[in-house]
Amino acid sequence: MLQGNIRKWVSIGFIILSLVLSVYPLSAYEKNDVGCLPIIPEELLDQHQENESYDQNIHRNVMLAQSFIPSLSPLTKVEIKINKPRITQQSLFISIRKSINGSDLTSNTINGNDIPFFIYWIECDFTDIEVTPGETYYIIVSSNTPSEAPYRWRFDNNDDTDPYVSGKFYKSFDKGKTWGSIETQYDYADAAFCTYSYISKTDLVCEGYFNWTEVKPGQDNLTGYFTVRNEGTPFSELNWEIQNWPHWGTWQFSKKNGTSLKPEDGITTVEILVEAPHSNVPDEYLGKITIVNKEDENDTAEIHARLVTPKSKNDKKTFLTKFEGLRQYYITLQQNRFSYNHQIPNQRKSTMLFIHKNLNFLPFRTIY
Ligand SMILES: [Ca+2]
Ligand SMILES: [Ca+2]
Ligand SMILES: [Ca+2]
C-alpha cells in the first residue's frame with residue numbers, strides 16, 4: 001500500500017516536471033549564455049593629467065571646467081580627482097561639452113554620499129559618446145553644495161612646464177555664462193583628470209540570396225538586392241566594396257562600395273540588375289558576390305546566386321537532331337559489322353573516324 005502511494009507521487013512529480021519544462025523549455029537558458037552577449041572592448045586610458053598639488057573650490061557659485069583633446073572615439077567615461085573636506089549630501093554634476101558654453105553631450109550625477117571624504121579619484125561613467133579625435137572638448141563640473149561645504153577639484157600649477165599641453169583649467173562665477181581661464185601664458189594650470197575610450201572595430205555583415213528560375217537566354221530584367229551593415233562597436237566606421245561577382249551574365253550594381261557606415265546607420269541596400277547568359281543550352285548557373293571590409297581583409301561576406309535556364313523548344317530540336325545522329329550511328333555500326341565479317345577492314349576504319357568526329361557527345365569505344 002505504502003509502495004503504491006510512493007509510485008503514485010513519483011508519477012505525479014514526473015508529470016508536473018514535464019509540464020514545467022514544456023512551459024519553460026531548457027533553451028530559454030541559452031539567452032543567458034555569455035557567448036551570446038556582444039563583445040565589449042577593453043577600456044583604454046586616453047587623455048590624462050594626474051599631478052595635483054592644489055585645490056579649486058566647486059560650489060553653488062563656482063563651476064570648473066578642463067579642456068582636453070581626445071585621440072580616440074568614443075568617449076566612454078572620465079575620472080576626476082576630488083577632495084571632499086566636509087559633510088555634504090549634495091551631488092556632483094559632471095558633463096562633457098564641445099563648446100564651453102554649449103549644451104551637454106553626455107552627463108552624470110554622482111550622489112554626495114558616494115563621494116568619500118578627502119582626496120579620491122571619482123569615476124563618472126556616462127553614456128558613451130562619439131567624439132572627433134583632434135578636436136577640443138570640455139569636462140564641466142558643478143554642484144549646488146553651499147560654499148561652506150565645497151567640493152575641491154585637485155589640479156597642478158606650474159610656471160615652467162604645462163602639465164597638460166592640450167587643454168586648460170577654467171572657472172565660472174555666473175553658473176557657466178562666462179568663463180575665465182585659470183591657466184595663463186606663464187602660469188600653467190590643469191585639473192587632475194583621465195578620459196577613457198576603446199579601440200573601435202568594424203564588422204561587415206551582408207544578407208541576401210538570388211534564385212532566378214525559368215529564365216530565358218539573354219533575359220535582361222532580373223533584379224534583386226542585398227543588404228550591408230556594420231555590426232562593429234558603436235560609432236565605428238565601415239568602408240566596404242564589392243570585390244567580385246559571378247562571371248556568367250552581365251551584372252549591374254546600384255553601388256559597388258560605401259564609406260563610413262556606422263552600426264547606428266542600420267542597413268544599406270544594394271540593388272542589382274542582371275542580364276542572363278545568352279547560351280541556348282539549358283543550364284544551372286551558380287556563383288557568388290564577395291563583399292570585403294576595406295580595413296580588414298579577413299572580414300568578408302558572400303551573397304550566393306543561382307540562375308536556371310530551363311529546356312525550351314529549341315532544346316527539343318537539338319535533342320531530335322542528336323537522336324537522329326544516334327540512329328545513324330547504330331546503322332553504320334551494323335554496316336561495319338557486316339563489312340568486318342566480309343573482311344573489308346579499311347572501309348570500317350574510315351567510317352568509324354567519320355562517326356567519331358560528328359557524334360562527340362556519344363560514349364564512344366573504338367572497336368578494332
Ligand atoms: Ca560609459
Ligand atoms: Ca594646460
Ligand atoms: Ca563580418
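Ser 260 sits in strand β19, which covers residues 257-261. In this predicted model, Ser 260 takes a positive phi of about 55 degrees, even though it is not a glycine.

Lys 175 is another non-glycine residue with a positive phi, here about 60 degrees. You'll find Lys 175 in the loop between β10 (169-172) and β11 (180-181). Lys 175 is exposed too, with 11 other C-beta atoms within 10 Å.

## A cis proline

For another backbone feature, look at Ser 73 and Pro 74: they are joined by a cis peptide bond, with omega at about 0 degrees. Pro 74 lies in the loop that runs between β3 (63-68) and β4 (77-84).

## The four-stranded sheet

One open sheet has 4 strands, in the order β14-β16-β20-β18, and the pairing is antiparallel. β14 (204-207) and β18 (250-253) are the edge strands; each has a single partner, so one side of each is left without a neighbour in the sheet. On average, neighbouring strands here are turned by 25 degrees against each other, ignoring direction.

As for β14, its antiparallel pairing with β16 (residues 222-230) runs over 4 bridges. Leu 204 stands opposite Asn 230 of β16.

## The chain overall

Zooming out, the chain holds 3 helices and 22 strands. Of its 368 residues, 25% are buried. Among contacts with a separation of 6 or more, 74% link residues 24 or more positions apart.

Technical notes: Residues numbered from 1 in each chain as written. Chains lettered and ligands numbered in written order. Predicted model: local features only at pLDDT ≥ 70, side-chain atom pairs only at ≥ 80, totals over all residues. Pairing = 2+ DSSP bridges. Helix = DSSP H or I, 4+ residues; strand = E, 2+ residues; numbered from the N terminus. Axes fitted to C-alpha atoms, helices over the stretch in contact; angles between N-to-C directions. Buried ≥ 20, exposed ≤ 12 C-beta atoms within 10 Å, placed from the backbone. Contact = placed C-beta atoms within 7 Å.
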